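My notes are below, in the order I looked things up.

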Amino acid sequence: MMMNCKHASRLMSEELDRPLNWRERLALRLYLLFCDGCRNFRRQMAFLRDATRRWRDNFRSYRDVRRRSRVTPDIPLGNAPSLDL
């Protein structure tokens with residue numbers, strides 16, 4: 001099968017979920033040598049993946065801090081809504 005941008009973007013997306021076989025990996029690497037747009041797309045995907053992982057890790061840290069610093073049950077909160085994260 002002849003590689004094109006659509007096929008390359010599908011392979012780049014799949015490689016986030018599973019290891020590519022050697023033929024897919026080789027075809028993608030060769031295609032990326034010649035296609036600036038696909039190389040840029042791959043960099044953007046990597047950036048988004050890293051950014052979402054950092055956000056997730058920071059959110060978990062924030063959530064853990066909030067859980068440890070909650071008001072103790074012996075202090076009445078009245079009808080205040082719960083802020084469970």
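These entries go from the overall fold to the core, the cysteines and the charged pairs.

**Ground rules.** I am working from a predicted model, where local features need pLDDT of at least 70, side-chain atom pairs count only at pLDDT 80 or more, and totals for chains, interfaces and linings use all residues. Residues are numbered from 1 along each chain as its sequence is written, and side-chain values use heavy atoms, with hydrogens and water left out.

**Fold.** I started with the elements and found three helices and zero strands in the protein chain. From the N terminus the order is α-α-α. Helices (H or I, at least four residues) and strands (E, at least two) are DSSP runs, numbered from the N terminus.

**Burial and surface.** Next I checked how much is buried: 15% of the 85 residues. Buried means under 20% relative accessible area, exposed means over 50%, and partly exposed is in between (1.4 Å probe, protein chains only). The chain exposes about 7,400 Å², and carbon and sulfur atoms supply 58% of that. Areas come from the Shrake-Rupley method with a 1.4 Å probe; for residues, only the protein chains shown count as cover.

**Core.** Which residues make up the largest nonpolar core? I get eleven: M3, A8, L11, M12, L20, L28, Y31, L32, C35, C38 and M45. Such a core is a set of buried Ala, Val, Leu, Ile, Met, Phe, Trp, Tyr and Cys residues joined through side-chain atoms within 4.5 Å. Helix 1 (5-14), helix 2 (22-34) and helix 3 (36-68) each supply at least two residues of this core.

**M3.** I found M3 in the segment before helix 1. M3 counts as buried because its relative accessibility is 13%. Not counting residues up to four places away in sequence, M3 touches A8, L11, A27, L28 and Y31; contact means heavy atoms within 4.5 Å. M3 and A27 are 24 residues apart in sequence, yet 7.3 Å apart in space, C-alpha to C-alpha.

**L20.** With neighbours within four places set aside, L20 is in contact with L11, E14, E15, R25 and L28.

**Cysteines.** I searched the whole structure for disulfides and got zero. The cut-off is a pair of cysteine sulfur atoms within 2.5 Å. C35 is in no disulfide either, with the nearest cysteine sulfur, that of C38, 3.5 Å away. C35 is buried at 13% relative accessible area, whereas C5 is partly exposed at 38%.

**Charged pairs.** How many salt bridges does the structure hold? I count seven, each a side-chain nitrogen of Lys or Arg within 4 Å of a carboxyl oxygen of Asp or Glu. R10, E14, R18 and E24 are linked in a network of them. Within it, R18 pairs with E24, the closest N and O atoms being 3.0 Å apart.

R39 and D36 also meet in a salt bridge (2.1 Å, N to O). Both lie in helix 3, three residues apart, about one turn of the helix. D36 is exposed at 52% relative accessible area, while R39 is partly exposed at 27%. R56 and D57 form another salt bridge (3.4 Å, N to O).
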